[in-house]
Amino acid sequence: MSRCDSDETEVMNLKRFLAGWLTMILLLAGGAALAEGTSLVVRGTGIVSVTADVAQIVLGVREASSDVREAQRLVNEKIDAIYDALLEAGIDSKDIGTESLYIYANYDYSGDEERLAGYTASNTISITTSQIDSVGAYIDTAFEAGANTLDSVYFSSRDNEEAQQEALELAVQNAYEKAEIIAKAAGMHIASVKAFDETSQDYYSSSDPGAKYSNARAEAADGATATRVQASSLQIQASIVVEFELSEGESDG
């Protein structure tokens, strides 16, 4: 190797050495700056269980006929009978309302060309009641009067303001606990709170997917059949995002 080549090699090694030190200095400086004003964003969740005191039953009638007016007549006739039976069972008229109403054509595609095969008419009603223990009986009353579809049973709670507040408090507490765990693991502590953001409205939902109801019939004492309905507990949920300011070292407290 020539003297010139040796000098060039030494210069390149020196450049690499200086570049490495410069990179390390920048990284250390960046780390120090991060420690001075580190922010931590944490999501907290709070859940409170309450007892359902309102039920909404969605059921109705679906009929098919070759004549559209006949299909509609059959549905209307049965809906009227259901309405009267529910009123007689003790449900107030203001708690019974139309959920959906439709008529559509049915086509036969088995041949070379589609053929109109008839019509299907449907009318679905919604029944709201606070008589949770009577939900199964109301369903049976509607089916005995002509209902042939049961879409769903929803449970809710009228008075959940206190539970909503409790859920929000738990969400804040949950956020603090998470932040303390993370800060301690990083050798830091919570210095202050920078911002709060309630990310979702408090809401209630069934603890299980959908309401707990059964279309299966249970044998009653007199040999008749009855629909069993079990109200599920409800969950009031609150969610909040909190931004914390962290400082180095462990908290004095």
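Predicted model: local features only at pLDDT ≥ 70, side-chain atom pairs only at ≥ 80, totals over all residues.
The side chains of E63 and K78 form a salt bridge with an N to O distance of 2.6 Å, where a salt bridge means a side-chain nitrogen of Lys or Arg within 4 Å of a carboxyl oxygen of Asp or Glu. E63 sits in strand β2 (residues 54-65) and K78 in helix α2 (residues 68-88), so the pair ties together parts 15 residues apart in sequence; helices (H or I, at least four residues) and strands (E, at least two) are DSSP runs, numbered from the N terminus.

Residues are numbered from 1 along each chain as its sequence is written, and side-chain values use heavy atoms, with hydrogens and water left out.

Back to the pair: E63 is buried, at 15% relative accessible area, whereas K78 is partly exposed at 27%; here buried means under 20% relative accessible area, exposed over 50%, and partly exposed in between, with a 1.4 Å probe and protein chains only.

The structure holds seven salt bridges, and another of them joins E243 and K194 at 3.6 Å, N to O. That pair links distant parts of the chain, with E243 in strand β9 (residues 234-248) and K194 in strand β6 (residues 188-206), 49 residues apart. Both ends are partly exposed, E243 at 25% and K194 at 45%. Salt bridges with shared partners also join E70, R73 and E77 into one network.

As for the whole protein, there are four helices and nine strands, and buried residues make up 31% of its 253 residues.
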